[in-house]
Structure formats: structure tokens, C-alpha cells
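Take a look at the structure below.

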Amino acid sequence: MDGTTTDEWPPKKKQLTMSQDVQTKLKILADAAKYDASCASSGSKGTRQGSKLGSTEGMGICHSYTPDGRCVSLLKILMTNYCIYDCQYCVNRVSSDTPRARFTTDEIVDLTIQFYQRNYIEGLFLSSGIIQSPDYTMEQMNLVAMTLRTKHRFGGYIHLKSIPGASDDLLADAGRWADRLSVNVELPTAGDLQQLAPEKKEPEITHAMGTIKGRIDEFKTEKKAGFKVPKFAPAGQSTQMIVGATPTPDLEILQTASSLYNNHDLRRVYYSAYSPIPHADARLPGKSPPLVREHRLYQADWLLRFYGFDANELVAEADRNLSLDVDPKLAWALAHREYFPVDVNLAPREELLRIPGIGAKSVARILKIRQHHALQVADLKKLRVAWKRTAHFVVTADHNPGLKKLDDLHLKQQFVQQPRQLTLFDAHASAKSGEV
Amino acid sequence: MQFVKASTFEEWRTVCRGLLARHVPPSGVVFGDTDRSPSLFDATDDSEALPPPADSKSPVVFRIPKSFLQAAERIACHTAPDRWERLYRTLWRMTHGEPRLLEVTTDDDVHRLVMMEKAVRRDAHKMKAFVRFRKVESPEGEHFVAWHRPEFRIVRLTAPFFARRFPSMCWTILTPSESVHWDLQQLNYGPGAAASEAPQGDELEDLWKTYYGSIFNPARIKLKMMTQEMPTRHWPTLPETDIIPDLLADAPRRVAEMIARQEGFATSAADFLPQTLTFDALRAAAAGCKGCDLHEHATQTVFGEGPVDSGLMLIGEQPGDQEDLVGRPFVGPAGKILDEALAKVGISRDRIYVTNSVKHFKYNLSGKRRLHSNPDVREVTACKPWVEAEIELVQPQVIVCLGATAARQIIGPEFRVTKHRAVPQKTRHCENTIGTWHPSAILRQPSQTRRNEMLLELASDLRLAAQLTGFGE
Ligand code: SF4
């Protein structure tokens with residue numbers, strides 16, 4: 001596609017057809033993006049003013065689902081999969097002989113606009129291999145976002161994966177155009193990074209996150225003070241961690257996540273089970289991705305953020321990993337039976353939140369209903385709590401499991417399901433609902 | 001008992017106002033959709049038959065929560081026959097002694113309404129997600145048309161969303177029971193349409209399928225949950241669902257390939273490292289290295305040499321023709337240049353540990369001549385464990401990387417000799433790492449003046465390195 005066609009949109013006469021070349025590039029550069037777990041397009045509150053195409057209204061929309069159960073919400077592609085770095089877990093690392101391609105700015109812009117016009121997508125999620133230097137790469141990505149916003153007055157969702165090591169000014173620029181910025185921490189600890197991605201330095205990643213947080217805070221303060229300030233990454237920042245590429249246990253992973261939530265105000269931490277990639281380094285596990293583990297991490301993450309749990313509470317096992325047999329809330333309950341049964345008609349909110357099988361939404365409803373009448377089992381069932389699990393841990397007006405059952409050493413056995421291979425979908429669904 | 005017709009939210013609302021004002025209890029009224037066949041009670045459907053307002057002098061003012069009316073608007077789109085009477089009964093109860101009824105989400109009426117609202121919300125959400133426009137070119141310009149089959153009558157509910165999203169596009173959404181058209185100014189509603197009235201394809205669909213097929217990871221298949229989120233009733237209007245059978249059929253092969261190709265870079269020098277870290281052990285082990293293909297054509301491994309307590313380490317790129325034959329680093333023409341530079345600084349070679357990034361000679365045959373060829377990144381990466389082991393053994397205070405290959409291997413991939421030369425940097429290998437010219441680069445330089453300049457620069461960088469190491473004190 002030549003550069004002149006994007007001067008006005010939609011073009012008056014000239015028919016835009018994507019060339020064969022674009023199709024080939026799309027194949028390579030979408031394929032290279034398929035390992036990234038983050039997909040959400042939510043969190044932007046209002047649509048940008050003066051948009052000619054596209055809106056962002058609260059919850060993101062999944063426009064399709066792939067047979068791996070993952071939602072397709074954004075055009076998730078790499079600007080290029082050339083990369084000067086040699087991160088061992090990454091298919092795009094310089095020493096891999098994967099086929100390479102690079103999109104032009106106009107090609108990405110056109111794909112985004114055209115897909116958006118058909119209602120295939122909510123927007124663009126652009127990441128990139130690092131070419132020339134972090135600054136150069138970030139500049140090129142910013143250019144795509146800027147073109148979409150200014151030339152085409154595009155109001156849809158834009159997520160830019162910031163390049164660690166890019167200058168603060170470029171990050172600031174990125175935040176002007178993007179709804180969300182993310183900087184991938186990649187691996188859970190500085191030691192893991194050192195081992196598998198020595199060129200990505202932990203301080204650079206943390207610095208980028210800190211800069212973004214600073215800008216977001218600044219924007220909020222100025223807006224509160226009544227200034228008219230341009231938006232800055234209104235959907236906040238997120239990150240992704242690869243799980244299972246190194247032996248780092250869940251406890252450390254969750255501690256890293258907690259500190260990211262607390263210190264950097266991250267909206268989301270995505271966990272991505274390391275999956276076998278073509279041309280992977282021999283140091284990495286060659287088995288299928290540890291999806292159950294990934295699923296448990298999402299559940300635990302949810303408990304950290306919305307249920308008042310602490311990472312140390314959730315991971316009590318000697319090997320410092322989450323239990324794979326039962327969900328983390330149930331695991332905690334089984335390890336703290338002295339805490340139960342909890343009376344749904346009397347207990348405060350914090351205690352209700354700890355009952356296995358009852359989610360935060362149900363807790364809110366229970367608190368309201370009990371002002372009108374004492375809850376019975378039928379009420380809980382109507383609220384769709386996971387009664388099989390919940391039954392052992394609650395007292396209602398017409399139900400008391402008795403301590404005997406709770407003391408039963410075999411209680412856990414009842415909950416352990418036949419092992420089955422989970423897919424990312426389960427993880428994705430629970431990441432969204434978090435009902436554990 | 002009276003019968004009232006309600007087919008839209010507005011109708012229901014008007015009717016209910018009257019009913020409430022006249023204190024008609026829920027048991028005294030039957031609701032029906034307009035499309036229901038006339039019933040026995042139809043005859044009573046005129047306002048005359050409604051009881052007169054109880055006390056017109058003191059009209060009752062009902063406070064209905066806004067949230068209830070918003071929910072009712074959605075529930076009105078549902079097709080369940082009991083929706084109108086549930087809504088009215090709930091309204092009645094809220095205005096007759098149970099003002100906070102909506103909080104009791106497990107009450108039968110409230111629960112049923114909540115479920116209906118949820119179903120409508122979901123259907124509306126799916127419409128926002130699964131409407132697929134197809135572009136039609138006409139003399140008046142572009143027009144985007146979609147055919148969609150929702151479960152309920154939600155076109156009016158969702159049309160404003162599409163108007164906000166696609167304000168500058170002319171679009172039409174057709175459904176079996178209603179349609180809506182946006183003309184860049186306002187929404188116009190019309191009758192339903194058959195799928196055959198919509199355009200049958202779009203030029204973008206192939207590209208979209210390409211994307212869909214590529215973004216899918218064949219290593220993690222889960223179909224059941226996919227159909228739960230993407231109900232099969234919508235599949236016929238989603239172009240990408242065409243290729244699902246192919247994607248599934250091809251998945252095992254793609255996974256097998258992913259795993260098989262994982263071996264592609266399985267070997268590196270790491271597999272040949274000795275148990276103990278001594279110079280002799282390293283050197284002996286490196287002699288048998290098959291970490292990459294380079295060992296096949298080279299004569300021998302050219303390992304590093306020099307005092308391991310040196311404190312100063314020089315790393316070049318790769319042995320050349322003469323080094324390959326002799327088995328020692330920097331003995332050819334480039335070695336002469338290096339010696340010349342060292343002489344200017346006044347340090348002798350035997351005080352320094354000298355080695356290369358890659359230990360085997362790589363060349364192309366041109367007739368009988370072996371022409372040096374640059375190592376590629378995979379070879380540099382494969383060989384890196386040797387240099388790392390040497391650094392660990394020598395523990396140098398200063399490393400000098402001769403040329404870009406060594407500098408990128410040790411300092412970082414962004415290193416450019418022209419830009420970053422002569423500046424000591426802290427790396428994870430060493431406190432002071434300096435990148436500078438490779439002697440061969442000086443050799444290849446056609447201009448004599450520039451050659452002299454570069455040689456001086458190399459010497460000055462070596463002098464700095466010697467000072468930092470504490471040489472000459
Ligand atoms: S070049 Fe290095 S990695 Fe390759 S075989 Fe020779 S010593 Fe081993």
C-alpha cells in the first residue's frame with residue numbers, strides 16, 4: 001500500500017485492497033504475537049472526543065474466540081519480529097531462524113481501520129521486536145498510534161507494548177496516544193531475567209513502569225485540580241510474566257505481582273504459561289504449557305486484588321507453589337478449618353469473602369438480602385454459589401454442616417477433580433470472573 | 001380482570017402508570033403481546049373499562065428507582081410471555097410496602113427478572129461483538145451492511161451503540177425481525193430482512209481469516225468453552241468460523257512441528273563445558289567442541305591464551321586463516337596490527353589474556369583461498385559459553401572488546417563501535433568493559449590517514465585499559 005492513500009479516510013475513489021504481501025506479513029507478525037496472554041480491551045472510560053471512527057465504552061468486547069478458547073478483541077500484531085536481543089524464551093530472539101517481516105506504519109494503520117470498520121476488533125495491540133535501538137523502535141510504534149489518532153481520528157482502543165530502555169519522552173508520547181501501556185516484566189525475578197534475557201535489565205523495566213505511573217498520577221492530579229489536560233493512558237498499565245520457563249515458585253511470582261499492584265498501580269498482571277516455541281533454546285522445558293498452574297495463578301491473583309488475601313497466606317505448601325488439585329481459596333480454607341463454618345447471616349464482609357465457592361458479587365448480594373430476611377440454602381443456590389464446595393463451610397438459617405465434617409481429614413479428597421488438561425480459556429474465564 | 005396489550009417498553013410503561021394510579025392489583029390484570037392471538041379478554045381492552053382514579057384530588061406520586069426502569073427497558077426486549085406481569089407485580093410490590101424489594105435478589109419475582117435481564121444483556125453484548133459489516137460500493141459511496149440474528153428484539157437497544165462507534169460510516173444492520181439504518185445523522189428503524197438480502201462477502205474477509213488462523217495457538221485447544229462464548233447460532237454470520245475445521249485438523253501437525261523445531265538450536269558450547277574450571281580443562285574441552293557447525297570445516301579450535309591472573313583480557317572476533325593453522329589467536333596480519341598498537345602503549349602481549357568470541361575459523365572457499373566470513377548470531381551465541389568460562393576463570397578487571405562482534409556479545413546488542421568506542425562501561429561480566437576497533441578493520445581501511453588515526457585510537461583505548469588495570473605501576 002503506498003503512503004498517499006492514507007491522507008484521507010475513507011478514500012473517495014480508490015479501492016483499497018490489501019496486497020498479498022500484507023497477507024504474508026500478517027501471518028508472520030500475528031503468529032509471533034500469539035504467545036502474549038494479554039488481550040483485554042477494557043478500562044478506558046470515555047471515548048476520545050471528536051472521534052470519527054471507534055469508541056471505548058467500559059468493558060471491552062471480545063469479537064471472536066479462537067479454538068484455543070482465547071478471545072479476539074484486538075488486532076494483536078508485532079510491528080516487526082526482527083530483534084537485536086537474544087531472550088531465550090522468545091521466538092523472535094536474534095539467534096532464532098524464524099521467518100521475519102516488518103510492517104510499515106501505513107500497513108498497520110490501514111489494517112486497523114479496515115478491520116475496525118467491519119466490527120472485527122476493538123482496536124490495536126501493537127508490540128514489536130527491538131530494532132536498531134529501543135528509542136527507534138518506540139518512536140516507530142508511537143508513529144502508528146499517532147497516525148491513527150490524528151489523521152484518522154480513531155477513537156478505538158490502542159494498547160502499546162512499551163520498549164524497556166526507551167526514553168521517558170517517548171513513553172510520555174506513547175501515553176498520549178494509547179489507552180493502555182504495558183511493559184513486560186517477562187520473567188518473575190531479576191535472577192530469571194539475568195539467566196534467560198540478560199539484555200533486558202530489571203531496573204530498566206521498573207524504571208519504565210515507574211515513569212508511566214508517574215505520568216498517570218500527574219494526569220489525575222491535574223485533572224482533579226480542574227486543568228484541561230490531554231489524556232494519558234486512561235486504561236492504565238499492565239504487564240505479562242512468563243511462567244514455567246524457570247523453576248521460580250508461585251510464591252515469588254505472586255510477590256512480584258503484589259508489589260507491581262501496590263507500587264506501580266498496575267491494572268493487570270498477565271501470566272503466560274511458557275509454551276513450546278519453535279527454535280527454543282534447549283535450556284527451556286519442551287513440554288506442553290503448564291496451564292493448570294497458569295489458571296491457579298490467575299485465581300490467586302484475583303484473591304490478592306479483590307479478596308484481601310496476601311501472597312504468603314495463599315502459598316503455604318512446602319515447595320512454595322500453589323496447589324494444583326484445588327483452587328487457592330479452597331486450599332486456604334482447608335488449611336484453616338478453625339475459621340469455619342462462617343454464618344452467612346452474621347459474618348462481616350471480609351469473612352464472607354473467604355468462603356470457598358462464594359464470589360465477591362454474591363457477597364455483596366448476601367449483605368443486602370440479609371437485611372430483609374435470614375438467608376437459607378435456597379437463597380445461596382439462587383445466587384449460584386458453588387454449593388458443593390460452599391456447603392461444608394457455611395451456616396445458614398436452615399443449614400449447619402457441623403464441625404465433624406470439617407474435621408474430616410478426607411474432606412479435601414471430595415474436591416479434587418480428575419486431573420484434566422486445562423486450557424487457557426479456563427484461565428481466561430477465571431481471570432475475568434475470578435469466582436473461586 | 002382486565003387484559004392489556006404491551007409490546008414495547010413504552011407501551012408497558014404508559015399502561016402501568018394508569019394501572020397504578022387506579023390501584024389495580026397485579027391479580028386484576030393480564031398482559032399480552034400484540035402478536036399474541038386475541039384472547040377472551042380482548043374485548044375489555046379499552047380505557048373506559050379501567051376503574052377511575054381512586055382519589056383524583058390527591059394523586060399518588062410513586063418513586064420508582066431509575067435502575068428499575070432501565071432494567072425494565074431491557075427486560076421488555078425478552079420474549080418470555082411472563083415478562084410484563086412480572087414487571088408489573090414487582091412495580092406493585094415496590095410501591096406497596098416493599099420499597100427495597102430489588103435488593104432481595106433471591107425473591108422469586110426479582111430473581112426471574114434478573115435472569116431475564118441477564119439474558120437480554122448477553123444477547124445485546126453478543127450483537128455488539130458479532131455484527132460483521134460487509135462493505136458495498138455504490139455511486140453514492142461506501143455502505144456497510146450486516147445481517148445478524150439476535151435471540152431477542154434488541155435492535156433498538158443496541159443501535160445507539162453502533163451510532164456512537166461508527167458515526168462517519170453509512171451502515172445498516174438487518175435482523176429477521178427489525179432493521180436499523182444510520183445515515184450519518186440519525187437512526188432509522190425498519191422491518192426485518194432475510195439473510196439473502198445482505199451482501200454475501202467482503203474483500204477483507206480473507207485477511208481476517210489469515211489473522212484469525214495465525215493468532216490461534218494450536219498447543220492449547222479448547223473447543224467447548226469456545227462455543228460457550230461464541231454460540232453456534234452466530235457462526236453462519238462470522239466469516240472466520242469457516243476455517244475452524246481446517247485449523248483443528250492442522251493443529252496436531254503444527255504442534256508437532258513446534259516441538260520438533262525446538263531441537264533446531266539444541267546444541268551450544270554449554271553442552272561441552274568441563275566439570276572443573278581450570279585453564280587446561282577448558283582448553284582441552286573446547287578442542288572437542290561441536291556446539292555449532294563451524295568445527296566441521298575448521299582445522300582446530302583456537303582457544304584463548306595468556307596469564308589467567310592477568311587482570312586484562314582482550315576479546316577479538318574469530319580466528320582467521322593463519323590462526324586456524326597455527327592454533328593460536330592473533331598470529332596473522334591482524335595480530336601484527338595489534339602488536340603494533342600494544343607496542344605504542346608499551347605493554348607486551350604476554351602480560352594479557354587474549355581470546356576470541358568464536359573459537360573456530362569460518363570461511364568461504366574461493367578457488368583455493370579460504371576467505372574469512374563473518375560468524376552469524378547463532379554461532380556467536382553458541383560459542384558464548386567458552387568466553388563466559390574464560391572470563392570467570394580470569395576474573396579480569398578490564399575487558400577490551402576488539403570489534404563489534406565481541407562488543408555486542410559482551411556489552412550488548414546495541415553497541416556501535418563508531419558511537420560507543422573508548423568509553424568504559426560496567427557490564428555483568430566486568431567493572432570496566434571497553435569496546436574499540438578490531439585490528440582487521442584497520443587493515444581493511446583504504447585511506448592511509450584514516451588507518452593511522454584508527455591505530456592511534458586503538459592504542460589510546462588500550463592505554464586506558466592498561467591504566468584501569470593498574471599496569472605500569
Ligand atoms: S565455534 Fe564455538 S560453539 Fe561452534 S563448534 Fe567451535 S567452539 Fe564450539
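The walk goes from chain A to the cores, then through chain B to the ligand.

This is a predicted model, in which local features need pLDDT of at least 70, side-chain atom pairs count only at pLDDT 80 or more, and totals for chains, interfaces and linings use all residues. Residues are numbered from 1 along each chain as its sequence is written, chains are lettered from A and ligands numbered from 1 in the order in which they are written, and side-chain values use heavy atoms, with hydrogens and water left out.

Start with chain A. It has 17 helices and 10 strands. Here helices (H or I, at least four residues) and strands (E, at least two) are DSSP runs, numbered from the N terminus. Of its 436 residues, 61% count as buried. Buried means under 20% relative accessible area, exposed over 50%, and partly exposed in between (1.4 Å probe, protein chains only). Among contacts in chain A with a separation of 6 or more, 69% come from residues 24 or more positions apart.

Two spots in the backbone of chain A deserve a look. Asn119(A) has a phi near 65°, a positive value in a residue other than glycine. Asn119(A) sits in the loop between α2 (105-117) and β4 (123-127). Is Asn119(A) buried or exposed? Asn119(A) is buried, with a relative accessible area of 0%. The other spot is a cis peptide bond from Phe340(A) to Pro341(A), with omega near 0°. Pro341(A) lies in the loop between α10 (328-335) and β9 (342-343).

Now turn to the cores. A nonpolar core is a set of buried Ala, Val, Leu, Ile, Met, Phe, Trp, Tyr and Cys residues joined through side-chain atoms within 4.5 Å. The largest one has 159 residues. Ile77(A), Phe115(A), Tyr271(A), Phe133(B), Trp171(B) and Tyr211(B) have the most contacts inside it. A second, separate core of 56 residues includes Ala285(B), Phe303(B), Leu312(B) and Ile411(B).

Tyr211(B) is one of the buried residues of helix α6(B). This helix, residues 205-215, is mostly covered, with 10 of its 11 residues buried. Elsewhere in chain B, Leu184(B) has a positive phi of about 80° although it is not a glycine. Leu184(B) is in the loop between β6 (178-182) and β7 (187-191). Leu184(B) is partly exposed, with a relative accessible area of 41%.

Chain B is assigned domain 1 (2-38 + 54-125), domain 2 (131-197), domain 3 (203-261) and domain 4 (269-469). These bounds come from an automatic or database domain assignment. The centres of domain 3 and domain 4 of chain B, taken over C-alpha atoms, are 49 Å apart.

An unreviewed UniProt entry annotates residues 303-463 of chain B as "domain: Uracil-DNA glycosylase-like". Its end C-alpha atoms lie 25 Å apart, and the span is 43% helix and 17% strand. Arg463(B) lies in helix α16 (residues 448-469). Arg463(B) is partly exposed at 36% relative accessible area. Arg463(B) touches Lys344(B) and Val345(B), not counting residues up to four places away in sequence.

Finish at the ligand. Which residues surround the ligand? Among them are Cys289(B), His295(B), Lys359(B), His360(B), Cys383(B) and Trp386(B).

Definitions and conventions. UniProt positions are given in the numbering used here, feature names are shortened, and annotations may be inferred rather than shown by experiment. A residue is near a molecule or strand if one of its heavy atoms lies within 4 Å of it. Contact means heavy atoms within 4.5 Å.
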